Amino acid sequence: MKKVITYGTFDLIHHGHINILRRAKAMADYLIVALSTDEFTAGKGKQVYYKYDERKLILEAIKYVDEVIPETSWEQKIDDVLKHHVAVFVIGEDWAGKFDFLKPHCEVVYLPRTEGISTTQIKNDLASGAQSAKNKK
Ligand code: C2G
């Protein structure tokens, strides 16, 4: 069984997240999501809306996702790839080049991000009372 892994916070799940999960799953038979813990996310300078358990529950309900494991440190990726026998590492190209150290252990794929959406944008829009996405200028 070919496994693919991706990493992220996946807070306030949106279609950009769904797009990368769908495309990652299309590359293999089994998708593992290494989900950033609340503490690790804080370390990335981000404030989560949904706590880890809530984000995990939401991810596990997405049909592309087969398993969710915690991401607690920047140093766990090689161990994760080896321990889970992962063939492909996938992440958005905003990280292009940052995880090339995994290339001796698995295929490394950086995918284009989905334009026009981000968790930060959602939070900012809601805070500013912006209209829904469809009738934003
Ligand atoms: N993403 C995307 N398009 C968007 C927004 C996000 O393709 N419009 C992708 C990101 O590139 C990433 C994944 O969705 O691959 C999850 O995004 P985040 O939750 O923002 O994850 P990030 O903070 O980038 O964490 O060790 C790696 C880090 O944990 C990655």
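This is a predicted model: local features need pLDDT of at least 70, side-chain atom pairs count only at pLDDT 80 or more; totals for chains, interfaces and linings use all residues.
K77 places a polar side-chain atom 2.7 Å from a ligand oxygen atom, and for the side chain of S36 the N or O atom is 3.4 Å from an oxygen atom of the ligand. The ligand taken alone exposes 630 Å², of which the protein buries 95%; accessible areas come from the Shrake-Rupley method with a 1.4 Å probe.

Residues are numbered from 1 along each chain as its sequence is written. Local features need pLDDT of at least 70 and side-chain atom pairs pLDDT 80 or more, whereas totals for chains, interfaces and linings use all residues, and side-chain values use heavy atoms, without hydrogens and water.

## The shell around the ligand

The ligand is surrounded by 21 residues, the closest being K46, E71, K77, T114 and I117; a residue counts as near if one of its heavy atoms lies within 4 Å. By class, the shell holds 7 nonpolar, 8 polar and 6 charged residues.

Among the secondary-structure elements, α1 gives the most to this shell, with 3 residues.

## The largest pocket

The ligand takes up the space of the largest pocket. Two or more residues of the shell around the ligand come from each of β1 (3–8), α1 (15–25) and β4 (88–92). The largest pocket holds about 690 Å³ of space.

Its lining comprises 34 residues, with H17, K46, D94, W95 and R113 nearest the centre of the pocket. In this lining, 11 residues are nonpolar, 14 polar and 9 charged. At least two lining residues come from each of β1, α1, β4 and α5 (119–128), and α1 supplies the largest share, 5 residues.

## Terms

A pocket is an open set of points, on a 1 Å grid over the protein atoms alone, where a 1.4 Å probe fits, with protein on both sides within 12 Å along at least five of seven lines; lining residues have an atom within 4 Å of a point. A molecule sits in a pocket if more than half of its atoms lie within 2 Å of its grid points. Helices (at least four residues) and strands (at least two) are DSSP runs.

Methods. A polar contact is a pair of N or O atoms within 3.5 Å; within protein, one must be able to donate a hydrogen and the other to accept it, and residues adjacent in sequence count only if both atoms are side-chain atoms. Ala, Val, Leu, Ile, Met, Phe, Trp, Tyr, Cys and Pro count as nonpolar, Asp, Glu, Lys and Arg as charged, and the others, Gly among them, as polar. Grid points are joined across faces, edges and corners, and a volume is the space filled by probe spheres set on the points.
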